[in-house]
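This report covers the cross-links, charged pairs, sheet and cores of one protein model. Please look over the sequence and the structure before reading on.

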Amino acid sequence: MESCRVLHHVLLLFILMFITVSVSAPSNVWVKFNQSADLPCVCKCSGLAKWTLISNQSDVVAECDQTSCRSLKEGFKMSHDQYLKGDLTLTITAADDSKRNTYTCWCGDKDVTDLRLSIETLISLVQINPGEDLNLDLHVSDGVKVIYQGENSTDPHGEEICSVDKSSLHCIDEYRPRTSLSNTVLTLRGVKSTDGGVYIVRDTEHKEDLYIYRVSVRDDKSAVSWWVIILIVLLVLLLLVVVVLVGLFLKYWRQRKQREPGMTDDDGL
């Protein structure tokens with residue numbers, strides 16, 4: 001009986017821990033890149049209400065009190081009319097990579113809610129010729145990794161080929177001699193036909209896919225075939241022009257012959 005009671009307490013403790021972790025985890029607010037986003041916070045606050053970065057409570061982006069609201073950082077704002085009604089919503093005017101973060105809503109010293117601004121993954125299609133350099137803009141220079149999925153790969157998770165930590169690039173041996181980082185642009189030099197596929201830029205802390213590049217490497221043979229097709233089309237057009245010119249010449253010659261009845265073929269030529 002005592003052992004059952006102990007197991008019951010252990011199970012109860014585990015459930016409480018799970019609920020605590022679930023409640024404390026910040027919710028995500030998803031938005032498209034460069035569009036406005038609202039981070040909701042409902043609390044009747046008679047004193048100072050503010051929004052800060054969760055990582056730094058002194059880093060205030062916007063705040064309100066009974067007299068007015070103030071934007072302490074560009075791109076963030078709160079409405080004083082909404083504040084008086086108990087709505088402390090933070091509006092981010094244009095969501096970009098610099099705004100991608102977790103924010104805390106405060107009423108005085110009370111932590112009301114934590115919300116993370118997440119931006120929907122951007123997908124870019126890239127076509128490149130063999131031998132050219134592939135430039136992948138990571139848009140951030142810290143806390144990201146690049147995952148590669150080959151065109152014929154059966155691995156749904158892909159392979160991590162590079163990571164960036166505090167502007168420092170780290171790549172696996174196969175890619176190290178061919179890669180470099182300039183600001184936020186990762187360059188893969190001398191692209192080969194086997195480099196085609198999907199490149200995923202992933203946030204290492206929040207496991208969010210920031211950008212996806214679908215890279216297609218043009219085939220040399222297909223490029224040659226296109227030149228052949230273009231050449232054939234040009235030759236056909238040239239032949240049509242010659243036929244038209246010959247037809248016009250013959251028409252002109254016949255009209256001239258009709259105007260001069262006494263003219264023989266030898267005279268016309």
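## Disulfides

Cys45 and Cys107 form a disulfide, with their sulfur atoms 2.2 Å apart; a disulfide here is a pair of cysteine sulfur atoms within 2.5 Å. Cys45 lies in the loop between strand 2 and strand 3 and Cys107 in strand 8, so this pair ties together parts that are 62 residues apart in sequence. The link of Cys45 and Cys107 is right-handed, with 100 degrees about the S-S bond. Cys45 counts as buried at 5% relative accessibility, and Cys107 counts as buried at 17%. Buried means under 20% relative accessible area, exposed over 50%, and partly exposed in between (1.4 Å probe, protein chains only). The model is predicted: local features need pLDDT of at least 70 and side-chain atom pairs count only at pLDDT 80 or more, while totals for chains, interfaces and linings use all residues. Residues are numbered from 1 along each chain as its sequence is written, and side-chain values use heavy atoms, with hydrogens and water left out.

By the sulfur distance rule the count comes to four disulfides. Another of them joins Cys64 to Cys69, S to S 1.7 Å. The torsion about the S-S bond of Cys64 and Cys69 is about 105 degrees, so this disulfide is right-handed. Cys64 is buried, with a relative accessible area of 0%, whereas Cys69 is partly exposed at 22%. Cys162 is joined to Cys171 by a disulfide with an S to S distance of 2.0 Å; its torsion of 110 degrees about the S-S bond makes the link right-handed. Cys162 and Cys171 are both buried. With the bonded cysteines of the protein chain numbered in sequence order, the pairing is 1-5, 2-6, 3-4, 7-8.

## Cys43

Which cysteine sulfur is closest to that of Cys43? The closest one belongs to Cys107, but at 4.2 Å it is too far for a bond. Cys43 counts as buried, at 12% relative accessibility.

## Salt bridges

The structure holds 13 salt bridges, where a salt bridge is a side-chain nitrogen of Lys or Arg within 4 Å of a carboxyl oxygen of Asp or Glu. In one of them Asp97 pairs with Arg100, the closest N and O atoms being 2.7 Å apart. Asp97 and Arg100 are both buried, Arg100 with a relative accessible area of 10%. The side chain of Arg100 also meets that of Glu208 in a salt bridge (3.9 Å, N to O). This pair links distant parts of the chain: Arg100 sits in the loop between strand 7 and strand 8, and Glu208 in the loop between strand 17 and strand 18, 108 residues apart.

Glu208 is buried as well, with a relative accessible area of 7%. A salt bridge connects Glu208 with Arg116 (3.0 Å, N to O). Arg116 lies in strand 9 and Glu208 in the loop between strand 17 and strand 18, so the pair ties together parts that are 92 residues apart in sequence. Arg116, like Glu208, is buried. Through shared partners, salt bridges join Asp97, Arg100, Arg116, Asp203 and Glu208 into one network.

Strands (E, at least two residues) are DSSP runs numbered from the N terminus, as are helices (H or I, at least four). Two strands pair if DSSP finds at least two bridges between them. An open sheet of six strands has the order 10-18-17-12-13-14, with mixed pairing. Strand 10 (122-128) and strand 14 (168-171) stand at the edges with a single partner strand each, so one side of each is left without a neighbour in the sheet.

Strand 17 (residues 197-203) and strand 18 (residues 209-217) run antiparallel and are joined by six bridges. Val201 stands opposite Tyr211 in strand 18. Strand 13 (residues 159-165) pairs with strand 14 over four bridges, also in the antiparallel sense. Asp165 stands opposite Ser168 in strand 14. The hairpin of strand 13 and strand 14 has two residues between the strands, and Lys166 takes a positive phi near 55 degrees there.

## Nonpolar cores

A nonpolar core is a set of buried Ala, Val, Leu, Ile, Met, Phe, Trp, Tyr and Cys residues joined through side-chain atoms within 4.5 Å. The largest has 26 residues, and those with the most contacts inside it are Leu39, Trp51, Met78, Leu88, Leu90, Tyr103 and Leu117. Among the elements that give two or more residues to this core are strand 4 (56-64), strand 8 (102-107) and strand 9 (110-119). Another core, of 22 residues, lies apart from it and includes Leu134, Tyr148, Val201 and Tyr213.
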